[in-house]
Amino acid sequence: MAVVTPRVFVSHLAGSAVFDPNGDPVGRLRDLVALLRVGDRPPRLLGVVVEVISRRRIFVPMTRVTGVDSGQIVITGVVNMRRFEQRASETLVLGELLDRRVRLVETGEEVTVLDIGITQLPARRDWEIEKVFVRKGKGRGLRRKGEALTVEWSAVTGFSLEEHGQGAESLLATFEQLHPADLAGVLHHLSPKRRAEVAAALDDDRLADVLEELPEDDQVEILGKLKDERAADVLEAMDPDDAADLLSELPEEEKERLLALMRPEEAADVRRLMAYEERTAGGLMTTDPIVLRPDATVADALARVRDPDLSPALAAQVYVCRPPDETPTGKYLGLVHFQRLLRDPPFTLVSSIADTDLPALPPDTPLPEVTSYLAAYNMVAAPVVDESGALLGAVTVDDVLDHLLPDDWREDGLHGSAAAGLTGGGSPGKAADGR
């Protein structure tokens, strides 16, 4: 049986109420933000612009939108209340696509865009533009006489990106499928001007992922060319340990200015990491491991492990601690490996299967001892616990490798190969995972 995916026309969404999961009003939808792509590929929706009660317009990513229907939108998660600012790569669906004059590909006839149909991709939370409702004739608006018809996005031309476009948008469309490490390799080999243009057009999460893969000099250069509020947003999107490493490279005044712009809880994690020596367990750890209370079940643990935003190393095990659940936690009780979670019934309490014999690392443990610990116990991550027994974070093997490899390792190897293949005029390849 064919899977039926929801389709909504954006004119029906304009002004719709936006609610949180509890049914409380957040604001009203004022526009949708799309990313145009090369050729006739349907644009991807990045998010929605919501006008909150204070009349401020904010951006909510589509990954936070759980329900779209004529008359109401439902969102989940923490809302960033910073004022929405449109970026160079972004197109406002209501504000910029409606009433535009475009042409039908088949006949070359000029038509007016009256509405845009969006659809959710099967088995995913991504949305894209699928249909265009147009009216023939030179007039604009719904009152103009003339034949109206609904066509596929690919059946019209006039607002999609051209293959030979010179903007950062075209570059981004070309590199859309690259793994962050490969895109970082491409950016490293671009001129500083083009590197800044591409970085400015990337969304916060994508830029954060790429920055984590770049050499420190490139990180500092790119961050320095962003507006302070945007730079703070990107730092928040980075893993706390990577953000701390990057901020430590900045002058004290600039570092404090950016920390002041970050959300207090995010800034607190970064400040805590910066208090430790760089080549110690405390300086290497991330403050976002999977923490579960003793009464959590195997089913709860597996649900947390499934989070697609987790790195494989962080998803390899969960840490059982008494409240509070955020680091620094209450007393650390032990850890449970992912393989053990697969072997026990879903209703089993994690506290009953936690490994309590494995020693934890003090935050001042030097890098050579951290390396020996991971090798001796065949671990991909290790708990870091303070003198009071609270879990501070976890050191993952990828962060250890970053500090064991030569300082210039990011500029060679796979990064160089990826960049050579793409900046030399070849077609971009897919990442190893096929995405």
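Which residues make a nonpolar surface patch of about 250 Å²? Select Leu-401, Leu-404 and Leu-405, and you have the patch on screen. Bear in mind as you go that this is a predicted model.

**Stop 1: the leucines**

Stay with Leu-401 for a moment. Its place is in helix 16, which covers residues 397-404. Leu-401 counts as partly exposed, because its relative accessibility is 42%, and the cut-offs for that class are 20% and 50%.

**Stop 2**

Now switch to charge. For a closer look, centre on Asp-307, in the loop that runs between helix 12 (298-305) and strand 15 (317-321). With a relative accessible area of 34%, Asp-307 is partly exposed.

**Stop 3: Arg-101 and its partners**

Next, pick Arg-101, which is buried at a relative accessible area of 17%. Show its side chain together with that of Glu-110: the two residues form a salt bridge, and the closest N and O atoms are 3.2 Å apart. Glu-110 itself is partly exposed, with a relative accessible area of 31%.

Thr-112 belongs to strand 10, residues 110-120. Is Thr-112 buried or exposed? Its relative accessible area is 1%, so Thr-112 is buried, the cut-off being under 20%.

**Stop 4**

How many salt bridges does the structure hold? There are 21. As a reminder, side chains of opposite charge can pair when their charged atoms come close.

Go to Glu-128 and Arg-37, a salt bridge in which the closest N and O atoms are 3.3 Å apart. Glu-128 sits in strand 11 (residues 127-136), while Arg-37 is in the loop between strand 3 (25-35) and strand 4 (44-52), so this pair ties together parts that are 91 residues apart in sequence. Colour both by accessibility: Glu-128 counts as buried at 16%, and Arg-37 is buried too, with a relative accessible area of 8%.

Follow strand 11 to Lys-131 and bring up Glu-152. Their side chains meet in a salt bridge of 2.4 Å, N to O. Glu-152 is in strand 12 (residues 148-152) and Lys-131 in strand 11, so the pair, 21 residues apart, links distant parts of the chain. What is the relative accessible area of Lys-131? The value is 15%, and Lys-131 is therefore buried, whereas Glu-152, at 38% relative accessibility, counts as partly exposed.

**Stop 4: a glycine in helix 1**

For the last stop, select Gly-95 in helix 1, residues 93-97. Gly-95 is exposed, because its relative accessible area is 56% and the exposed class begins over 50%. How far apart in space are Gly-95 and Arg-30? The distance is 9.2 Å, although 65 residues separate Gly-95 from Arg-30 in sequence.

Terms used:
Residues numbered from 1 in each chain as written. Predicted model: local features only at pLDDT ≥ 70, side-chain atom pairs only at ≥ 80, totals over all residues. Heavy atoms only, no water. Helix = DSSP H or I, 4+ residues; strand = E, 2+ residues; numbered from the N terminus. Buried < 20%, exposed > 50% of the residue type's maximum accessible area, 1.4 Å probe, protein only. Patch = residues over 30% accessible without salt bridge, like charges linked within 9 Å, V, L, I, M, F, W, Y side chains within 5 Å. Areas by Shrake-Rupley, 256 points an atom, 1.4 Å probe, with all protein chains shown as cover. Salt bridge = Lys/Arg side-chain N within 4 Å of Asp/Glu carboxyl O.
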